[in-house]
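Hi,

Here is the structure I promised to pass on.

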Amino acid sequence: MSGGAAPAGWWREDDDEEEEGAEEGPVPEEAPSEREPGREPDSGPPSRPRWQSIEEPGPAVGPEPAVRPEPPVRPDPEPPLRPDPVPPPGAGRAGSSVSEPCWSCGAAMAPRDSRCPSCDSTRTHVLLICGDPCLELRHGPGPPLTLGRHPDWAPRTAAFFADRPKISRRHASITVEPDGTAWVEEPPAGSHNGTFLNNARLAPGIRTPLRDGDQLRLGLRVSIAVRLYGPGPGPSVG
């Protein structure tokens, strides 16, 4: 159609508009200079602002372990004090100022005393210790000490050996000399079960010397330990 007005129902598109049906291409991204500060494009995940910093996580720090207090140090207990042993009679040393009891009467004797001021006995004596029967005898210089079951011949031992038929009525005798020596002897008639000194049987009627520490046996069952004490202070002699 040429010239003139267009018929009704028709219109004319402007030349500067795109034709319908044209393929739409990708929308060009705005230039960086045209973006607003702090604004990200609509597409893609949002990014953090430039001024925001991220600190890298450091190593995990757990709670400090509890400090256990050290136990108190206790001093070592002191050992208990032990009493000094009591020396036996006659075991004192020369020059000692400790008094000792008399073996005969029990009175106190100073170290300088050679005889007891109470009974006039010397320090020299023999100690006989028996376990069965329980018996302890001390004897000094003078008449012999007799051992047996006869009440008149052995008055100091008859009561202890009364129920011991193996012990003779007149079994043996002990003699102590002033110089501190001691002797044992069986009666001339002898004893029925014998007298033994350190397991050796004694001959009747013969004096045999005793020494400190000897073992005297009456018959087969009664055993007696022998201790000798000399005339002066110091160790026993024999």
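**What I found**

Strands S6 (residues 172-176) and S7 (residues 182-185) run antiparallel and are joined by four bridges. Before going on, a word on where this comes from: it is a predicted model, where local features need pLDDT of at least 70, side-chain atom pairs count only at pLDDT 80 or more, and totals for chains, interfaces and linings use all residues. Residues are numbered from 1 along each chain as its sequence is written, and side-chain values use heavy atoms, with hydrogens and water left out.

**The sheet around S6**

Strands here are DSSP runs of E with at least two residues, and helices are runs of H or I with at least four, both numbered from the N terminus. Two strands pair if DSSP finds at least two bridges between them. On the other pairing, S5 and S6 are antiparallel too, with three bridges. Thr 146 sits opposite Ser 173 of S6, and Leu 147 has Ala 172 as its bridge partner in S6. Ser 173 also stands opposite Glu 185 in S7.

Put together, S5-S6-S7-S10 is the order of an open sheet of four strands with antiparallel pairing. Its edge strands are S5 (145-147) and S10 (208-210), each of which pairs on one side only. On average, neighbouring strands of this sheet are turned by 25° against each other, direction ignored; axes for such angles are lines fitted to C-alpha atoms (for helices, over the stretch in contact), and angles run from 0 to 180 degrees between N-to-C directions.

How many residues of S6 are buried? Five of the five, so S6 is largely enclosed by the rest of the structure. Buried means under 20% relative accessible area, exposed means over 50%, and partly exposed is in between (1.4 Å probe, protein chains only). In a regular strand the side chains alternate between the two faces of the sheet. In S6 both faces are covered: Ala 172, Ile 174 and Val 176 are buried on one side, and Ser 173 and Thr 175 on the other. The hairpin of S6 and S7 has five residues between the strands, and Gly 180 there takes a positive phi near 100°.

Most residues other than glycine have a negative phi, and most peptide bonds are trans. Asp 120 is not a glycine, yet has a positive phi of about 65°. Asp 120 is in the loop between S2 (108-109) and S3, and is partly exposed at 45% relative accessible area. Asn 198 also has a positive phi, near 55°. Asn 198 lies in the loop between S8 (195-197) and S9 (200-201) and is partly exposed, at 43%. The peptide bond from Asp 132 to Pro 133 is cis, with omega near 5°; Pro 133 is in the loop between S3 (125-130) and S4 (135-139).

**Cysteines and a buried glycine**

A disulfide is a covalent bond between the sulfur atoms of two cysteines. How many disulfides does the structure hold? Zero, where a disulfide is counted as a pair of cysteine sulfur atoms within 2.5 Å. Cys 102 is in no disulfide, its nearest cysteine sulfur being that of Cys 119, 3.6 Å away. Cys 102 is buried, at 5% relative accessible area. For Cys 105, the closest cysteine sulfur is in Cys 116 at 3.5 Å, which is too far for a bond. Cys 105 is partly exposed, at 39%.

Is Gly 219 buried or exposed? Gly 219 is buried, with a relative accessible area of 0%, and is placed in the loop between S11 (215-218) and S12 (222-229). Its C-alpha atom is 5.2 Å from that of Gly 194, 25 residues away along the chain. Contact means heavy atoms within 4.5 Å. Apart from neighbours within four places in sequence, Gly 219 is in contact with His 171, Asn 193, Gly 194 and Phe 196.

**The whole chain**

The chain has zero helices and twelve strands, and 27% of its 238 residues count as buried. As for confidence, pLDDT is the predictor's own score for each residue, from 0 to 100. The chain averages 76, with 59% of the residues scoring at least 70. Residues 13-22 stay under 50, and the model has one contact for them beyond four places in sequence.

Cheers
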